[in-house]
Structure formats: structure tokens, C-alpha cells
Amino acid sequence: MNAPINVVILAAGLGTRMKSKRAKVLHSAGGLTLVEHVVQTAIAITPPENVTVVVGTQAEQVEAVLAHSGVRFAEQKEQKGTGHALMMCRDALASQGGLVVVTYGDGPLLSPATLRELVNRQGASDHAATLITTRLHDPTGYGRIILGKDGEVQAIVEQKAATPQQLSIPLINSGIYCFRADLLWKYISEIGTNNPAHEYYLTDIVEILNRAGHKVAALEVSDSQELLGINTRAELAAVDKIFRDRKVRELMIEGVTIEKPETVTIDYAVRIGADSIVGPFAQILGKTEIGEDCRIGACSFIENSKVAAGVYVAPFTLIADSQVEPGAHIGPFARLRAGVHVGAGAHIGNFVELKNTQFGAGAKANHLAYLGDAEIGDRTNIGAGTITCNYDGLKKHRTRIGKEAFVGSNSTLVAPIEIGEGSYIGAGSVITHPVPAEALALGRARQVAKEGWAAKRKKKK
Ligand code: UD1
Ligand code: CA
């Protein structure tokens, strides 16, 4: 049996510099939490059961976002430093041997290729460990790498403990290491708290290994972007931007036109078919799937929804948790709130809101309407100002309208209500009783015209 590659992701800290109630690794960049990004990279190089996430701050929430990934968890009850966090895995991993990769939950840009290269380097060498480093123009905040004459790593000095001369070293500790498991677990208990922060610094392991006669190698990578760690909101925004740029570039390579790509926000998991066009400032989020030949208008917002091929979403339209069939036309200024299914070729126009509604193929609601908890038949026309009164103050009720019906403007449909296929509702009606198929329903006061009334009134004055 091959010796295993275990990956440990340290994610127990609060992240004081974020000034947040939420644990740092639960903040999102590019539409995924930081810890999810790191887990995705880890499970690209080793099976999920070989990945251990060290949790502590808001452990329950961190475990919840990773529940479907199949990774394991170790708990660090008190956050006493990165060295202490790794110690929490010793009992579970020490007997397995092989290699232990350690990475931090706040470094979400790391690619599987770089992580694989680290493992390959370490696997092919007789060093105790290999760590990833890079040169930064501004290394402030990172640990600095102290190299010996032979190019091997002698020590890592943390920002707070470094001398002015060490602070000028541009080589930084990325926080990504690959250890020989036997040596890591043998020496980890020698890490102490003799530093300004009184924490167990994992970085001290390098000096400890050197003292015991073992060597630590540095793998310098030129793409420093991949190694950025997030400690502040400003760094979170910078990393988010990198993810957004990557995503639009990927989509453009796949044949999607993106107008003013620097303005759009498209989440990690979103899929968009070729020859679709995304307008400026569109936000396409969550697990949204968009088909080919669609047009997503400027400033539209689409979240966790499925939009089939050839759909036109006009500008300023909101679509959430809904599904739109081919060739439909939605917006501008329309809102599919949740649980909406729009049939093929249907038209939903400006200031129309739908919620929990099946809207039939070829049906139309072109202006100013609210359709909630409703079923609208194929090719039915909903006039401007139509409202389904779905809520009686206590409960929600359904409205069912058959196919090819014509609902006149300003109709008030008091649910529960059934309106038969092919029927007509006169404009301005309040409908409280079922309407049979092919009937005309009128629910409004009859108009009266009093001849000469105005002239008489004027004479009285
Ligand atoms: C750390 C490194 C530094 C490196 C930098 C790279 C140490 C001592 N320093 O500093 O050399 O340049 O990362 O980004 O390791 N964590 C725990 N338990 C704890 C403390 C931290 O799980 O008790 C986790 C945090 O949730 C975080 C990660 O470890 O995901 C790193 O912690 P952080 O405090 O951000 O370390 P840095 O100060 O950035
Ligand atoms: Ca950090």
C-alpha cells in the first residue's frame, strides 16, 4: 500500500483583523466561503477522507458548509496558535505515516497544480519538509523565510518577532507545507510559546527540525497571487476580485460574451452556455445555470436559478430560485421571487412580480401584475394591473387559470379561485366565484352616464 497523503487545513481561528462576528474562513470570495475553496483544492489531490479540517471558532457552521465534501474534522477548543492547531490532528494521523500537507483556511487562491508540485518535490527528496515560498513586493504581515548558504530553509521569522534586517527579506512563508509524517509528529511537541504573542507558532517547526539535523527545502513559485492569505476586509475584496476576473475569463474562453467584464459578478459554480451575452453589472450567483444564446441584461440579478436556451432577461430583472424555459422573455424590471416556473416562449414584462407560480408556455403578463401561488395556463393573457389576492391575512391560497384565458386589466382575483380555460374576465373585475370555461365574467359596478348632469351643476352656481 502506498503511504497516504493527508492534508490538514487549519481553520479554527476567529480572524481578529476582520473585525467580524463571523469566523474568517466563513467569509466568501468569488461566491464560495474561503474554507470551501481550500477544501476543493485539497480534494483535487487526495481523497476527501484524507483531508482534516481543524475547526474551533464557530465549528458547527464551518462543519455545516463542508458537510457534503466528505472531509474529516478535528477540534481545537482554544485557539493557541497554528502549531497548537496542527497538534490536534496527531492522534488521528500519526500512525498513518506518509506525508502531511498543511495549509491555512484563509488562503483560498492556491491551485491544485501547485499543491501537487509541492507533494511531488517532497516525495522525491530526503528532506524532512518542503514549504512554498514566493517573493512579495510588500511582504508586510507574513512570516519571512531565512535561507542558509545551501539554499535550504533555516527558520521562519514572524513579522512581530523579526529584526529590521529580517523584515527587509522579500521571501515569505505562504503557510503551505509538506512534511514527512514521522518527523512532523515526532518533533511537533517541541513547539513552545516563547514569542511576543505567546502562541504555539507552527513556523517554529523549521528551526526545530534543523536543530535535530533534518533539512527543510523551499519551493519558490513565481505566481505570488496564488499564495495570498486573507487577514483583512481589504484583502478579502482583493481576492474576491481575482476570483471574479478568473471566472469571466473562463466563461469568455468557453464562448460567452461579457460586456464590461470588470463590472459583472459571477459566482464560482455558475454555468453559462456559448453565445450567451451578459450585460454590464449583471450578478449571476449561486448554482445558476444559463443555456446557450441567452441575453442577460444590464444590472440583472439571477440567483440559484435555471434559465434555458434563447431566453432574454431584459435589464434590471431579479430572478431567484426559479426556472425559465427556452425562448421566454423576462423584464425589464420584473421579479421572479422564488419557486417560479416560466414556460417556453412566455413573456413577463415590466413591474410584474411572480412568486411560487407556474406560468404557462406562451402566456403573457406584460405589465404591472402580481401573480402569487398561481397556475397560469398556456397562452393565457394577464392584463396590466392584475393581482392574485393569495393571502387572507392568515393563510395563502391558490389561483388556477386554465389555458387561453383572457384576464382583463386591473382584475382582482380573490383566491382560492378557479378560472376556466378560454374564459374572459372583464377589465376591472373583482373575481370571488369560479369562472366556467369559455364564460365571460364581470365583477364590477355597472357604469351609469347621467345626461346633462354637469351643465345643470354649473348653472346652480
Ligand atoms: C501565518 C503564518 C505566517 C504566514 C501566514 C501566511 C504562523 C505562526 N504564521 O500567519 O508565517 O506568512 O500565515 O498566510 O503560522 N488558526 C487555527 N488555530 C489557531 C490559530 C490560527 O486554526 O490557533 C488558523 C486560522 O483560522 C487561519 C490560519 O490558521 O486559517 C492562519 O492563521 P493566521 O492567524 O491568519 O496566521 P497569520 O498571522 O496570517
Ligand atoms: Ca493569515
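1. A residue is called buried under 20% relative accessible area, exposed over 50% and partly exposed in between (1.4 Å probe, protein chains only). Ser20 counts as buried because its relative accessibility is 18%. The place of Ser20 is the loop between strand 1 (5-10) and strand 2 (28-29); helices (H or I, at least four residues) and strands (E, at least two) are DSSP runs, numbered from the N terminus.

2. This is a predicted model, in which local features need pLDDT of at least 70 and side-chain atom pairs count only at pLDDT 80 or more, while totals for chains, interfaces and linings use all residues. Residues are numbered from 1 along each chain as its sequence is written, chains are lettered from A and ligands numbered from 1 in the order in which they are written, and side-chain values use heavy atoms, with hydrogens and water left out.

3. The side chain of Ser20 makes a polar contact with the side chain of His27 at 3.0 Å. It also reaches the backbone nitrogen of Arg22 at 2.9 Å. A polar contact is a pair of N or O atoms within 3.5 Å; within protein, one must be able to donate a hydrogen and the other to accept it, and residues adjacent in sequence count only if both atoms are side-chain atoms.

4. The calcium ion (ligand 2) has Asp106 (OD) and Asn231 (OD1) as its protein donors, 2.2 to 2.5 Å away. Asp106 lies in the loop between strand 6 (99-104) and helix 5 (112-123), and Asn231, 125 residues apart from it, in the loop between strand 11 (216-220) and helix 9 (233-253). Both Asp106 and Asn231 are buried. Donors are N, O and S atoms within 2.8 Å of the metal (3.2 Å for Na, K and Ca); water is not among the atoms, so the site may look incomplete.

5. Nine strands form an open sheet with parallel pairing, in the order 14-17-20-23-26-28-30-33-36. Strand 14 (271-272) and strand 36 (417-419) are at the edges with a single partner strand each, so one side of each has no neighbour in the sheet. Strands pair if DSSP finds at least two bridges between them. Strand 26 (residues 341-342) and strand 28 (residues 358-359) run parallel and are joined by two bridges, with Val342 partnered by Phe359.

6. Strand 8 (residues 144-147) runs antiparallel to strand 9, with four bridges; Ile145 stands opposite Ile156. Four of the five residues of strand 9 (residues 153-157) are buried. Between the two strands of this hairpin are five residues, and Gly151 takes a positive phi near 85°.
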